[in-house]
Amino acid sequence: MNKIDLSSQRYAFAALAAAALFGASTPLAKLLLGEVSPVVLAGLLYLGSGIGLGLALFACRLVRAKRARSMEAPLGRSDLPWFAGAVLAGGIAAPVTLLWGLSGTPASSASLLLNFEGVITALVAAVVFREHIGFRVWFAALIMLAGGVLLAYDPRESLGLSPRALAIIASCALWALDNNITRRISGSDPVQIAAIKGVVAGTVNLSRGLAAGGALPGATVICGALILGFAAYGVSLVLFILALRHLGSARTGTHFGTAPFIGAALAISLLGDAVTLMLILSTLLMALATWLVLTETHEHAHTHAGLAHNHRHVHDAHHRHAHLGNEGLEPHTHEHTHAPLTHRHSHLPDLHHRHDHS
């Protein structure tokens, strides 16, 4: 049996933790839906993410003001077009498209269609962004999709590709694009990225919900939604971006596909949902897909082209650059240049391994 190489796969657990936090939000959010409309709740969840992470970022910078070099690299000017694209695709366009699709699609069919996000993420990564994806990861993504389909399938509902259903698939494509665009800027501060995205998406969704006739709930529900959003949308997104930095989009997306299973498991204890044969079978498929990706190994001789960028790092085999002497203790952050390098070792498509494959 293949073993997990923790030196290259340790950030997979960040992706799985992100999925756990986000998956837990589904049954917890259902407890709040009786008090507030779905769109207003979405706005509050996103705002909880943005405000909570913004406060955390401010506090962190106050505490570490004298050790600024040890902090994450802020978004640079060259990152802004990519960041704007991610916010537009994933924070604004995708929720609008999804909500229009949900308004005319049975809940079971919508849940089934939303499982396509992981596979579409891998397709966009491979075709548009040229990320290397081996057979093992493709197979795992398809198994995760099969598990999600089993989990959401309702034989009483017929699934047709109506305009509303196509809108739900389009929302998956927009989030897949968001995942891949965010990977391009994942070397920058993930807390800053997630905080700004949360404030923008929260403001847009809350405004949309109130304009559509929704009302703000009581203070208790608002506080609950903000706290839930901070954990399930904010902290989850920070962990997701860290995983993108080290694993690439396809592998992170596959691990994140565990979120519906985690939500279904939590709903059993919180909402009294029944344990069904479909849930058991889909969970087994989820576990198999996760194991396939966790035990993946990818090793070959490869060449690093010259590269200049800025991110938090330690001095390993890929960071043997000169210093001015004011960089501080490791890990530290500063602009640095990588000289061309050819070597062989096990690796994944992280910041320094985005090379072509023949």
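This is a predicted model: local features need pLDDT of at least 70, side-chain atom pairs count only at pLDDT 80 or more; totals for chains, interfaces and linings use all residues.

Residues are numbered from 1 along each chain as its sequence is written, and side-chain values use heavy atoms, with hydrogens and water left out.

**First stop: α2 and α11**

Select residues 12-32, helix α2, together with residues 249-256, helix α11. Helices are DSSP runs of H or I with at least four residues, strands are runs of E with at least two, and both are numbered from the N terminus. The two axes come within 8 Å and cross at roughly 40°; axes are lines fitted to C-alpha atoms, for helices over the stretch in contact, and angles run from 0 to 180 degrees between N-to-C directions. The helices are therefore oblique to each other, a term for angles that are not under 35 degrees (roughly parallel), over 145 (roughly antiparallel) or 65 to 115 (roughly perpendicular).

Now display the side chains between them. From α2, A12, A15, L16, A18, A19 and F22 meet T252, H255 and F256 of α11, contact meaning heavy atoms within 4.5 Å. The residues of this contact comprise 7 nonpolar, 2 polar and no charged.

**Second stop: A250**

Remain on α11 and select A250, which lies in this helix. A250 is buried, with a relative accessible area of 0%; buried means under 20%, exposed over 50% and partly exposed in between, with a 1.4 Å probe and protein chains only. Leaving aside neighbours within four places in sequence, A250 is in contact with A122, A125, E131, I133 and V137.

Select residues 277-294, the 18 residues of helix α13. Its buried residues are L279, S282, M286, A289, T290, L292, V293 and L294. These pack against α1 (6-9), α2, α7 (135-152), α11 and α12 (259-270).

Phi of R130 is near 60°, a positive value in a residue other than glycine, and R130 is exposed, with a relative accessible area of 62%.

Finally, select P331 in the loop between β2 (307-313) and β3 (332-338). A cis peptide bond joins E330 and P331, with omega about -5°. Most residues other than glycine have a negative phi, and most peptide bonds are trans.

Terms used: Ala, Val, Leu, Ile, Met, Phe, Trp, Tyr, Cys and Pro count as nonpolar, Asp, Glu, Lys and Arg as charged, and the others, Gly among them, as polar. The expected span of a helix is 1.5 Å times one less than its number of residues.
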